Amino acid sequence: MSSVFQRQDMYDTVVVDREQDVVLTTGQLYVLQVRREVDRSFKPVIPFAPHLFGSGRTRFVKSYLELVKSMGERALIGPENISDCEKDRRRSFLDKLHEAVLLYVDLTELKPTDPKEKSLKWAVYYLIIKTACLQVGIPMMRKTQAYETVEMEALNLVTLLRDILNLRTDQFLLVAFDEIGMLDSRGQYFDLEVNDGRVRSYNDFFRILWELCLEDNVFFIVVGKSEGLNIRNYAISVSRVELTFIPLSPLEKHSIIEHLEKSSSFMFTGSPKVSQILCHQHFSTNELAELLLELTGGVPGLLVKAINYLLHCKLSQDHLLLSKESFWMIMNDSIATNYCVDPLLPRLSSLSETRHRLLKMLTLLALYRIRFELDELVHLSSTFDVFLFDLVTDMCFYRRLIVDENHQERYEVLIPKLLIGYIEQSVKNDRLEWLLLQTLKSQPVEFFYESKCRVFEGLVATMFYLHFCYHPTDSLMFSILGQLSPVWKEMNLKFSFESTAYYMKSIHYIRSTSEVERTTFGINDWKEIVEEMLEFEKIYIPFEPTSHSPDILFKLHGRTSEQNLIVGIACKGRWSLNGIRWNEIVDEACKFLQPVHDQVVTVHPTLHCLLIIMSTKLSTSVATDLNHSSHCYSFGDRVAGAFRIPLNCELIILSESDVENFIGKDILSSLRSAFKSTDNPHSRSIGISTVQEMVLSLSKYI
């Protein structure tokens with residue numbers, strides 16, 4: 001990184017929005033204590049955070065005991081109905097946890113140690129001893145002396161640690177191991193057990209912790225980038241240790257605001273709050289939080305680095321007043337982005353061919369909001385599978401835990417915009433991946449937190465874009481539309497390669513007459529939408545589904561005249577037996593064709609408007625009336641006797657067979673199955689193989 005910015009810590013960070021993680025971790029520590037008291041042949045429980053850099057894992061474990069104290073009884077006693085006796089037991093446990101001592105052990109310091117250089121157990125033991133000595137500031141215990149004192153016995157190690165840390169025998173000792181992933185490279189230096197024909201250093205490591213968990217009043221937390229799910233499954237079967245994941249989800253806007261308002265910078269006179277330094281009368285904390293969320297996706301480590309860099313800029317340019325424009329100018333600079341994502345750069349810039357193929361699949365999962373379950377597998381070859389949970393970490397992406405109304409836990413893939421520029425460099429020759437990443441970058445990050453699964457709309461929009469960019473003259477769908485609509489036939493259907501698909505946040509913060517902000521389409525907003533928001537050679541999906549707009553919008557140039565065409569596509573996913581009825585088609589025409597005609601077409605005589613009904617299933621009456629063929633209604637035609645097509649407008653209803661040929665029979669069948677019982681399906685419902693098939697299908701058009 002450039003020497004322009006070397007300082008990393010410009011302020012004292014305050015950990016926020018980790019109550020869920022504290023409750024889960026405390027609950028698991030309590031379960032370990034209960035099991036230890038009830039049955040000496042118990043299976044130990046260890047909280048585990050196998051997350052990527054930036055997830056906040058290190059800050060969480062280092063501040064865990066402080067967070068427990070700040071939460072009080074809520075850390076272990078929730079709203080669930082438990083007896084008074086159980087509440088008393090939990091209060092007693094919390095009281096002892098408040099007196100606990102945390103020993104933070106960095107496994108990057110793990111190395112072969114005399115006098116048992118090949119023993120992983122002794123290397124771990126001595127690293128714990130060395131860390132304890134450093135923590136209290138006493139001279140380091142000699143290796144031979146430590147070995148003779150401990151004699152490789154768990155009880156002896158715990159006794160020695162209590163002596164070094166000056167702990168009572170009934171006082172809790174919490175040992176937090178960080179950088180568990182170091183065992184991948186350090187394991188080769190030790191003699192390890194062979195299980196199923198393979199050496200797995202994690203099994204040996206957790207077996208060591210299993211022995212230590214048998215000792216009273218000792219607890220463990222393990223964190224660090226690793227194949228978490230794979231490790232967990234082997235740990236429970238081989239090492240007899242139960243690992244429970246700590247979610248550490250990305251932060252949302254309200255938490256970022258809290259972080260800005262509570263964290264102070266010691267680099268400025270009087271150590272003011274970060275919000276006081278960076279914000280002012282014309283640039284609020286709320287606005288800064290929105291921009292930081294947009295940039296970092298709420299990933300704590302990326303967030304802290306971005307704030308550090310902004311504070312550095314403010315310190316070196318005291319007159320700097322942040323605004324939305326200056327924020328992006330600063331943070332889009334290569335020095336800023338290099339600093340923020342530096343730990344991830346080696347991985348992002350060296351993706352293998354296999355990882356490139358998986359990258360498109362993960363980008364689709366993120367873009368279309370397809371959730372996945374904890375134990376879902378991705379087949380890399382006939383002999384090798386990988387857990388999707390672990391693959392997300394391996395690819396340097398992040399996960400967000402979603403708990404639905406039925407308490408089912410699933411995850412969403414998050415690709416922060418800070419990373420997209422670097423990923424683009426490694427996929428510059430892959431036009432499909434470039435498009436997907438550009439689309440992901442263009443959409444507001446709130447879409448990640450608020451929107452339902454948009455796979456059908458997203459797939460149609462992406463396919464239209466690819467047809468426009470690469471093979472418009474060879475497109476069967478474009479040929480059908482051209483045969484049906486004379487206006488479509490006259491349009492320039494060739495997009496430039498630099499264009500992209502967009503998710504549009506409807507009307508951006510338009511104030512209504514009541515002075516209340518809104519972000520959705522209004523029935524009277526079409527003039528502004530068409531004239532100011534819809535750019536040529538871009539395809540839009542409204543950010544929020546709305547009753548006032550089709551699912552997809554774009555604007556086309558005429559080939560030989562000034563004539564332009566506004567196109568809306570109503571993606572009517574019909575996943576049960578009931579197809580779209582005439583009254584629904586009329587409703588779609590009334591909410592788009594009529595207002596666009598009245599508000600826009602009447603004042604722009606060269607502008608035409610086309611609505612395409614793309615439904616996966618038509619009702620029997622609609623299909624029969626159309627003779628099971630696609631059909632176009634033009635000016636003056638009546639639709640179902642209820643709606644008259646306005647001047648310079650057209651309505652096309654595509655047949656089921658034309659829609660199936662466009663999307664693909666197998667893909668459509670999988671989507672029909674996935675959406676049968678929910679409008680927010682997960683990848684197991686859709687099928688990872690279907691997502692991979694979507695990638696192959698989209699790739700055909702390039």
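These exercises walk through one predicted model, each with a worked solution.

Residues are numbered from 1 along each chain as its sequence is written. Because the model is predicted, local features need pLDDT of at least 70, side-chain atom pairs count only at pLDDT 80 or more, and totals for chains, interfaces and linings use all residues; side-chain values use heavy atoms, with hydrogens and water left out.

**Exercise 1. The whole chain**

Task: Find how many helices and strands the chain has, and why it counts as compact as a globular protein of its length.

Solution: 
- Start with the elements. The chain holds 31 helices and 22 strands. Helices (H or I, at least four residues) and strands (E, at least two) are DSSP runs, numbered from the N terminus.
- Then take the radius of gyration. It is 29 Å, close to the 27 Å that the globule rule gives for 702 residues, so the chain is as compact as a globular protein of that length. The radius is taken over C-alpha atoms, and the rule is 2.2 Å times the number of residues to the power 0.38.
- Along the principal axes, the C-alpha atoms fill roughly 95 × 60 × 55 Å.

**Exercise 2. Inside and surface**

Solution: 
- Buried means under 20% relative accessible area, exposed over 50%, partly exposed in between (1.4 Å probe, protein chains only).
- Now look at contacts (heavy atoms within 4.5 Å). Take those between residues at least 6 apart in sequence: 74% join residues at least 24 apart.

**Exercise 3. Aromatic pairs**

Task: Classify the ring pair F93 and F172, then the pair F327 and W328.

Solution: 
- Set the rule. Rings of Phe, Tyr and Trp (its six-membered ring) pair if their centres lie within 6.5 Å; planes under 30 degrees apart count as stacked, over 60 as edge-to-face and the rest as tilted.
- A search of the whole structure finds 27 aromatic pairs.
- The ring centres of F93 and F172 are 5.2 Å apart and the planes stand at 50°, so this pair is tilted.
- This pair links distant parts of the chain, 79 residues apart. F93 sits in helix α3 (residues 84-98), and F172 in the loop between α6 (154-165) and β3 (173-178). Both F93 and F172 are buried.
- F327 and W328 form an edge-to-face pair, with 5.2 Å centre to centre and 90° between the planes. F327 is buried at 0% relative accessible area. W328 is partly exposed at 21%.
- Ring pairs also build a cluster, with F48, F177 and Y411 among its members.

**Exercise 4. Backbone exceptions**

Task: Say where the cis peptide bond lies, and describe the phi angles of R369 and E537.

Solution: 
- Recall the background. Most residues other than glycine have a negative phi, and most peptide bonds are trans.
- The cis bond joins D114 and P115, with omega about 0°. P115 lies in the loop between β2 (101-106) and α4 (120-136).
- R369 has a positive phi near 60°. Its loop runs between α17 (353-367) and β8 (377-379). R369 is buried, with a relative accessible area of 2%.
- E537 has a positive phi of about 65°. The loop of E537 runs between α25 (526-533) and β15 (539-542). At 22% relative accessibility, E537 is partly exposed.
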